[in-house]
Amino acid sequence: EQRLAEDLQLSRTPVREALRMLQSEGLVAFEPNRGARVRELTRGHIADLYELRARLEAMAAELAALRATPSERTELVAADHAFAAAVGAASGGDLDAVRAVFHQNDVFHLTLLAAAHHEPLTQSLLRAVDHTLVFQAFRHYDDAGMDRSVVFHGLIAEEIRRGEGARA
């Protein structure tokens with residue numbers, strides 16, 4: 001805490017609070033007499049995170065198909081098109097282009113969550129998604145992986161637009 005506070009030119013209180021928040025999210029572990037350290041993620045933990053995210057997002061997509069307003073459906077389709085455009089511009093793996101894909105992916109998923117109209121689900125998903133892992137996934141996708149992501153986003157957006165909860 002002390003070293004971080006000094007490096008960031010802050011008092012120890014906000015550093016301590018931030019570390020506790022990171023601990024509650026499972027990203028930092030406290031060790032007696034050693035302080036906090038970034039927790040290593042195992043393959044099993046990463047698989048568990050993706051499984052949880054998939055189940056929560058499936059619920060969000062189903063609810064969005066049932067609860068979205070016409071304007072929210074239009075916004076989701078627009079977010080899908082923006083994501084596809086960002087992927088189209090990202091060929092070659094340029095870091096700024098990958099950042100744009102990551103951003104448009106966030107816009108798509110946040111738009112979907114807003115359309116679900118379910119605040120506890122939104123909060124659970126926001127805590128369950130490890131943005132660092134998502135960004136790294138996009139960095140390591142080849143063109144086929146990016147194209148597959150575009151197809152899946154498009155299918156989800158279309159089923160929500162049509163009001164088909166189970167298919168979404």
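Where do R162 and E159 lie, and how many residues apart are they? Both of them lie in helix α8, three residues apart, which is about one turn of the helix, where helices are DSSP runs of H or I with at least four residues, strands are runs of E with at least two, and both are numbered from the N terminus. I will come back to that pair after the overall picture.

First, the ground rules. What we have here is a predicted model, so local features need a pLDDT of at least 70 and side-chain atom pairs count only at pLDDT 80 or more, while totals for chains, interfaces and linings use all residues. Residues are numbered from 1 along each chain as its sequence is written, and side-chain values use heavy atoms, with hydrogens and water left out.

Now the overall picture. The protein has eight helices and two strands, and from the N terminus on the elements run α-α-β-β-α-α-α-α-α-α. The C-alpha trace spans about 55 × 40 × 30 Å along its principal axes. Of the 168 residues, 33% are buried, where buried means under 20% relative accessible area, exposed means over 50%, and partly exposed is in between, with a 1.4 Å probe and protein chains only. The protein exposes about 10,500 Å², and carbon and sulfur atoms supply 55% of that area; accessible areas come from the Shrake-Rupley method with a 1.4 Å probe, and for residues only the protein chains shown count as cover. Among contacts with a separation of 6 or more, 67% are between residues 24 or more positions apart, a contact being heavy atoms within 4.5 Å.

Leaving aside residues up to four places away in sequence, F138 touches F83, V98, V101, F102, N105, M146 and S149. The whole structure contains three aromatic pairs, counted when ring centres of Phe, Tyr or Trp (its six-membered ring) lie within 6.5 Å, with planes under 30 degrees apart called stacked, over 60 edge-to-face, and the rest tilted. The rings of F83 and F138 have their centres 6.1 Å apart and their planes at 55 degrees, so this pair is tilted. The pair links distant parts of the chain, with F83 in helix α4 and F138 in helix α7, 55 residues apart. F138 and Y141 form an edge-to-face pair, 5.5 Å centre to centre with 75 degrees between the planes. F138 is buried, at 6% relative accessibility, whereas Y141 is partly exposed, at 39%.

Next, the charged pairs. Side chains of opposite charge can pair when their charged atoms come close. The structure holds 10 salt bridges, each being a side-chain nitrogen of Lys or Arg within 4 Å of a carboxyl oxygen of Asp or Glu. In the pair I opened with, the closest N and O atoms of R162 and E159 are 2.9 Å apart; R162 is partly exposed, at 45%, whereas E159 is buried, at 8%. E1 forms a salt bridge with R12, with the closest N and O atoms 3.4 Å apart. Because E1 lies in the segment before α1 and R12 in helix α2, this pair ties together parts that are 11 residues apart in sequence. E1, R12 and R16 are linked in a network of salt bridges.

Finally, two backbone points. Most residues other than glycine have a negative phi. Q9, although not a glycine, has a positive phi of about 55 degrees; Q9 sits in the loop between α1 and α2 and is exposed, with a relative accessible area of 73%. H117, also not a glycine, has a positive phi of about 55 degrees; H117 is placed in the loop between α5 and α6 and is partly exposed, at 42%.
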